Amino acid sequence: MDVVRKWGPTAAVNLVLGVLAVVPLWLTALFAASLLTAGTESASGGAAGDLVGWLRLLLPPWAVLIGLWIPANILVRRGTGASGRRHWGVGAVLLLIPLPALVALMYLVEG
């Protein structure tokens, strides 16, 4: 029970922020996919224009997520008593859990 009391706030904060992280993570996946297909003809013109457009799309959601994630984890880290490296590692893994869970749910619902 002591583990739940210590790590519960960390898990809750990072899982809730993980739901918000779906947007920047998904956009980053789309960006990576567009890089893989960059060799094909594109109607948008050039690679430099595409990169600037992607940066305009990616930077705001990542800035919001990081701006929320770092202060929230600083606040909840005090209660865990864990080392900084362990806390931030657990927080990062918990942040990533909602995206694959959502993708799996989409496949289950789609049938």
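Asn 14 touches Trp 69, Asn 73, Gly 91, Leu 94 and Leu 95, leaving out residues up to four places away in sequence; touching, or contact, means heavy atoms within 4.5 Å. This is a predicted model, where local features need pLDDT of at least 70 and side-chain atom pairs count only at pLDDT 80 or more, while totals for chains, interfaces and linings use all residues. Residues are numbered from 1 along each chain as its sequence is written, and side-chain values use heavy atoms, with hydrogens and water left out.

So where does Asn 14 sit? It lies in helix α1. Helices here are DSSP runs of H or I with at least four residues, strands are runs of E with at least two, and both are numbered from the N terminus. At 0% relative accessibility, Asn 14 counts as buried. That word means under 20% relative accessible area, with exposed meaning over 50% and partly exposed in between (1.4 Å probe, protein chains only). The side chain of Asn 14 also makes a polar contact with the side chain of Trp 69, at 2.7 Å. A polar contact is a pair of N or O atoms within 3.5 Å; within protein, one must be able to donate a hydrogen and the other to accept it, and residues adjacent in sequence count only if both atoms are side-chain atoms.

Let's follow Trp 69. It counts as buried, at 16% relative accessibility. Its partner in an edge-to-face aromatic pair is Trp 88, with 5.1 Å from centre to centre and 70 degrees between the planes. Rings of Phe, Tyr and Trp (its six-membered ring) pair if their centres lie within 6.5 Å; planes under 30 degrees apart count as stacked, over 60 as edge-to-face and the rest as tilted. This pair links distant parts of the chain, since Trp 69 is in helix α2 and Trp 88 is in helix α3, 19 residues apart. Trp 88 is partly exposed, with a relative accessible area of 26%.

Trp 69 also belongs to the largest nonpolar core, which has nine residues: Leu 17, Ala 21, Val 22, Leu 25, Leu 65, Trp 69, Ala 72, Leu 95 and Leu 99. Such a core is a set of buried Ala, Val, Leu, Ile, Met, Phe, Trp, Tyr and Cys residues joined through side-chain atoms within 4.5 Å. The elements giving two or more residues to this core are α1 (2-36) and α2 (47-80), and α1 gives the most, with four. Neighbours within four places in sequence aside, Ala 21 is in contact with Leu 65 and Leu 95.

What about helix α3? It runs over residues 84-96, and its buried residues are His 87, Gly 91, Leu 94 and Leu 95. They are on the same side of α3 because they cover an arc of only 105 degrees around the axis, taken from the directions from the helix axis to the C-beta atoms. The face turned away from that buried side carries the exposed residues Arg 85, Arg 86 and Val 93.

Thr 80 touches Lys 6, Trp 7, Thr 10 and His 87, not counting residues up to four places away in sequence. Thr 80 is buried, with a relative accessible area of 3%. A polar atom of its side chain lies 2.9 Å from the backbone oxygen of Arg 77.

Now step back to the whole chain. It has four helices and zero strands. Buried residues make up 24% of its 111 residues. Among contacts with a separation of 6 or more, 76% are between residues 24 or more positions apart. Helix α4 covers residues 98-110, and is followed by Gly 111, whose phi is positive, near 90 degrees.

Notes. Expected span 1.5 Å × (residues − 1).
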